[in-house]
Amino acid sequence: MGKIGKISFFLLFVCCLHVTAQKTGMQSSAMSLGENSVYEAYFKWGLIMSRAGEASFSYDRDHSVSGASSCYSLHFRTTKFFDNFFKMRDTISAYYDNDNRLVYSIKKSDEGDYYSVDELKFKSEEENTKIHSRRYASSRIKIDTTLTVTGDVTDLLGVVYYLRGINRNKLRHGDTFPLTAAIGRDLVKMRFIYQNQSVVDRGNVKYNTCYFKIDIFDEAFESASASAEVWIGDDDNFLPIKVRAKLKIGYAEIYYKNSSNPAHPLKCRIEIKK
């Protein structure tokens, strides 16, 4: 994937546990048009835990891309402190048709001395999904290839809304959900494995959550088994509350901060009285 790609991947991955997968055509009642949510990202190496950046997500109607009716977008920026080590100003937009199928994705990466644009065009066929992947950098095409996938596939932004569409009331320990993410010329395989219900404690607030382990088969992670973990709010919104990725050079974590216009009341949130 390359050094820049690996760094972008693990930082954005912990922010991107959202949206739906191609081929499922799943319309999730967990989301509503106009939803916005904000997350804080942290990076830990050794005993140091540094606030790495902030991610904001928005979901609304959008017909600017042919065949699309809605768009889910991520805006991610590193903090001033983290800019000294690795500056990121990334935007990803995923466009869906009326049947909630992913048709187009664009990622714009501004990493200080490196700028690139990744485009993915999805076309569903009877047995497979064809993905035309292109990457532009410094006025030059670096990737221009077609990927073929059997089964559920998504872009980088599209990892966990795939899970937001399932019936959480029917989850059982060990339930497994396989998924493929298209990133540049790579097809990254992963699977979500449901563990149990869990409580996430964030200062004066606690959240009731559904806890998943994630196997990610990519060399950026220390091992494939339990490469990452995600805690999703145990209510009808099924919003990610906490994500933790174990990397070769430390840990990346993301925490839910706030949201507006959710489809349902955030019943998973519990205020702690003092």
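## Salt bridges across the model

A search of the whole structure finds 14 salt bridges. A salt bridge here is a side-chain nitrogen of Lys or Arg within 4 Å of a carboxyl oxygen of Asp or Glu. This is a predicted model, in which local features need pLDDT of at least 70, side-chain atom pairs count only at pLDDT 80 or more, and totals for chains, interfaces and linings use all residues. Residues are numbered from 1 along each chain as its sequence is written, and side-chain values use heavy atoms, with hydrogens and water left out.

Strands (E, at least two residues) and helices (H or I, at least four) are DSSP runs, numbered from the N terminus. Buried means under 20% relative accessible area, exposed means over 50%, and partly exposed lies in between (1.4 Å probe, protein chains only).

## Strand β1 and its two partners

Strand β1 covers residues 36-45. Of its 10 residues, 7 are buried. Which strands pair with β1? One is strand β2, residues 48-61, which runs antiparallel to β1 over 10 bridges. Another is strand β15, residues 250-260, also antiparallel to β1, over 9 bridges. Two strands pair if DSSP finds at least two bridges between them.

Ala-41 shows both pairings. Its bridge partner in β2 is Gly-53. In β15, the bridge partner of Ala-41 is Ile-254. The hairpin of β1 and β2 has 2 residues between the strands. There, Gly-46 takes a positive phi near 65°.

Arg-244 and Glu-253 meet in a salt bridge through their side chains, at 2.8 Å from N to O. Arg-244 counts as partly exposed, because its relative accessibility is 23%. Glu-253 is buried, with a relative accessible area of 6%. Elsewhere, salt bridges that share partners join Glu-40, Arg-51, Glu-54 and Lys-257 into one network.

Lys-257 sits in strand β15. Is Lys-257 buried or partly exposed? Its relative accessible area is 38%, so Lys-257 is partly exposed. Leaving aside neighbours within four places in sequence, Lys-257 is in contact (heavy atoms within 4.5 Å) with Val-38, Tyr-39, Glu-40 and Glu-54. Tyr-39 is 218 residues away from Lys-257 along the chain. Yet their C-alpha atoms are separated by 5.0 Å.

Asp-83 forms a salt bridge with Arg-89. The closest N and O atoms of that pair are 2.9 Å apart. Asp-83 is partly exposed, with a relative accessible area of 21%.

Lys-107 and Asp-90 also form a salt bridge, at 3.8 Å from N to O. This pair links distant parts of the chain: Lys-107 lies in strand β5 and Asp-90 in strand β4, 17 residues apart. Lys-107 is buried, with a relative accessible area of 14%. Asp-90 is buried too, because its relative accessibility is 1%.

## Two loop asparagines with positive phi

Most residues other than glycine have a negative phi. Asn-100 has a positive phi, near 65°. It is found in the loop between β4 (89-96) and β5 (102-110). Asn-100 is buried, with a relative accessible area of 2%.

Asn-261 also has a positive phi, about 55°, although it is not a glycine. Its loop runs between β15 and β16 (269-271). Is Asn-261 buried or partly exposed? Asn-261 has a relative accessible area of 49%, so it is partly exposed.

Glu-229 lies in strand β13, residues 228-233. Its relative accessible area is 17%, so Glu-229 is buried. What does the side chain of Glu-229 meet in a polar contact? The partner is the side chain of Tyr-211, at 2.5 Å. A polar contact is a pair of N or O atoms within 3.5 Å; within protein, one must be able to donate a hydrogen and the other to accept it, and residues adjacent in sequence count only if both atoms are side-chain atoms. Beyond neighbours within four places in sequence, the residues in contact with Glu-229 include Phe-212, Ile-214, Lys-242, Val-243 and Arg-244.

Ile-183 is found in strand β10, residues 176-183. Ile-183 counts as buried, because its relative accessibility is 12%. Leu-120 is 63 residues from Ile-183 along the chain, and their C-alpha atoms are separated by 8.6 Å.
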